[in-house]
Amino acid sequence: MADTLLLRVLKSKPNQLKLNNQKLQTIPKIIGKLERLTLLDIKNNKLKDLPDEVSHLYELTSLNLGNNEFEEIPQCVISLTNLIKLHAFGNKISKINPVLFDSLENLTFLNLNGNRLTEIPPEICRLGNLKFLSIDNNKIDGFPLEFCALTQLTELHAAGNNISSLPLEFGFLTNLERLHLQKNKIRELPESIGKCYKLRVLDIAANELRIFPTEIGAIPLKELYCEENPLLQHIPVHSVQEEEVLALKEITARFIMKELKDRWSYLRKCIRHYPDIRDMLSQASKCAVCGESFLNTWLECVRFISTKQNLKVSNMSGSVPVRALLCSYKCFNSAGHDYYGVAFP
């Protein structure tokens, strides 16, 4: 049937071809003659592979392979260098050949929902123009560090996977506007997510999140979904403060960082000759109460902020717990702040 249909359309030299819902098990090789095609839709069939002749469709910008029986993205797709949109949802794809990312540098849209993927290859960073990525309902347990190089990404869907954490460098995705991570196993969001200054929608529902990062208030969210998480509750309990003993490294680091604030300090002149120490001190945090810097020793506290007044989201009311780091019990016991200690079960 497909042969007859292709012979019929061959004379008209179309730029779009839709063969969806035809119960096709193969695509005739003659398809390679349709060199003017810009869109090929063959979703909802029973295809397991594509003929090599598809690689001759050099002008193709949109390819839909959805709801078939592919176990991998066909090799011929590598030659489709003008491809902008690729749908491969609802198949049996368990891994992606990294070579695919070398040739599809023009790709802006990639849909891999409902497959059997367990990981994202680091080579995905080569898709420098990618703006939309959807990998819902796979078996992915995390993202490689290289994923954070997709700086053009505006929308990420990764619901229904086994993701337990995001890369610390996630904040490099500065153009991200929508982030959907519901139904995973995420226990905390990286502090760097506060650098995603364009993020408007965050869906972190049905995870294992207890507290939001300190910079969540810096994100211009319009919608936040966080139901079905074991978020910290504002329930005071009795606790005993442990004796505060700082390591020599911490004491020294705090002294140096305080000295560096003085523009005439001798240490400020000397520190330029010790790049390793500079790098170490660059990882320091600031106390939420006194504003002084500290290195590794802190008190993890929580502050409950209003979703309406502080986060300014429109879809939910109430408050959410946000992490706060304090440098000492002295700051914790001082008056005039609304930070609480965190009780661990």
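**Charged pairs and a pair of strands**

K43 has a relative accessible area of 21% and is therefore partly exposed, where buried means under 20% relative accessible area, exposed over 50%, and partly exposed in between (1.4 Å probe, protein chains only). The model is a predicted one, in which local features need pLDDT of at least 70 and side-chain atom pairs count only at pLDDT 80 or more, while totals for chains, interfaces and linings use all residues. Residues are numbered from 1 along each chain as its sequence is written, and side-chain values use heavy atoms, with hydrogens and water left out.

The side chain of K43 meets that of D41 in a salt bridge, at 2.8 Å from N to O; the term stands for a side-chain nitrogen of Lys or Arg within 4 Å of a carboxyl oxygen of Asp or Glu. D41, with a relative accessible area of 8%, is buried. Side chains of opposite charge can pair when their charged atoms come close. By the salt-bridge rule, the count comes to 10.

Another salt bridge joins R126 and D102, whose closest N and O atoms are 2.4 Å apart. Because R126 lies in the loop between β5 (109-111) and β6 (132-134) and D102 in helix α2 (residues 99-103), this pair ties together parts that are 24 residues apart in sequence; helices (H or I, at least four residues) and strands (E, at least two) are DSSP runs, numbered from the N terminus. R126 is partly exposed at 41% relative accessibility, and D102 is partly exposed at 44%.

Within helix α3 (residues 248-259), E250 and R254 lie four residues apart, about one turn of the helix, and their side chains meet in a salt bridge of 2.8 Å, N to O. E250 is buried, with a relative accessible area of 3%, and R254 is buried as well, at 17%.

Turning to the strands, β13 (residues 299-306) pairs with β14 in the antiparallel sense over eight bridges, where two strands pair if DSSP finds at least two bridges between them. One of the bridge partners is V320 in β14, which faces I305 in this pairing as its partner. Strand β14 (residues 319-326) is largely enclosed by the rest of the structure, because seven of its eight residues are buried.

Finally, D49 has its place in the loop between β2 (39-41) and β3 (62-64), and D49 is partly exposed, at 48% relative accessibility.
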